[in-house]
Amino acid sequence: MPAAILNLSIEQGVDYTKTFTVQDALGGVFPLTGYTASLVIKKYQFSTDVILEASTVNSKLTIDTLTGSILLQLNATDTTSVNTKRSVYQLKIVSPSGKVT
């Protein structure tokens, strides 16, 4: 699946949710059964300092296999750490066989 560019606007100190919908090449629901996901927010693209990490492991990302969507849920404490006016994020989706998308 091709990468997409989406702007996120996260206000500090408040709860934040965002749903990412993953589609197949024909625009249908992408089968996410068995997949995991992770999202990192950094100040700059090539920075090694991670401001915030969300994943299916820490339950800040939830995969809905029926709708092909990934729900990002951050609480007020999480968003307090996003203290830059501009930052970058990368969402990675990993198949059951380990292929990273």
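Visitor: Which residues does S69 touch, not counting residues up to four places away in sequence?

Guide: Before the contacts, a note on the source: this is a predicted model, in which local features need pLDDT of at least 70, side-chain atom pairs count only at pLDDT 80 or more, and totals for chains, interfaces and linings use all residues. Residues are numbered from 1 along each chain as its sequence is written, and side-chain values use heavy atoms, with hydrogens and water left out. Contact means heavy atoms within 4.5 Å. On that basis, S69 touches T19, F20, T21, L32, T62, I63 and D64. S69 itself belongs to strand 5, where strands (E, at least two residues) are DSSP runs numbered from the N terminus.

Visitor: Is S69 buried or exposed?

Guide: Buried means under 20% relative accessible area, exposed over 50%, and partly exposed in between (1.4 Å probe, protein chains only). S69 counts as buried because its relative accessibility is 10%. Its side chain also makes a polar contact with the side chain of T67, at 2.7 Å. Such a contact is a pair of N or O atoms within 3.5 Å; within protein, one must be able to donate a hydrogen and the other to accept it, and residues adjacent in sequence count only if both atoms are side-chain atoms.

Visitor: What can be said of L74?

Guide: L74 is likewise found in strand 5, and it is buried, with a relative accessible area of 3%. Leaving out residues up to four places away in sequence, L74 touches I10, D15, Y16, L52, K60 and T79.

Visitor: Which residues of the largest nonpolar core touch the most other members?

Guide: A nonpolar core is a set of buried Ala, Val, Leu, Ile, Met, Phe, Trp, Tyr and Cys residues joined through side-chain atoms within 4.5 Å. The largest one here has 18 residues, and L32, L39, L61, I70 and L72 touch the most other members. At least two residues of this core come from each of strand 1 (16-21), strand 2 (36-42), strand 3 (50-55), strand 4 (61-64) and strand 5 (69-74). Leaving aside neighbours within four places in sequence, L72 is in contact with Y16, T17, K18, F20, L39, A54, K60 and L61.

Visitor: What is the order of the strands in the open sheet?

Guide: Two strands pair if DSSP finds at least two bridges between them. The open sheet of 3 strands has the order 3-2-6, with antiparallel pairing. Its edge strands are strand 3 and strand 6 (88-94), each of which pairs on one side only. Strand 2 is joined to strand 3 over 5 bridges and to strand 6 by 7 bridges. Because 5 of its 7 residues are buried, strand 2 is largely enclosed by the rest of the structure.

Visitor: Where does S59 lie, and what is its phi?

Guide: Most residues other than glycine have a negative phi. S59 has a positive phi of about 65° although it is not a glycine. S59 lies in the loop between strand 3 and strand 4, and at 52% relative accessibility it counts as exposed.

Note on methods: Helix = DSSP H or I, 4+ residues; strand = E, 2+ residues; numbered from the N terminus.
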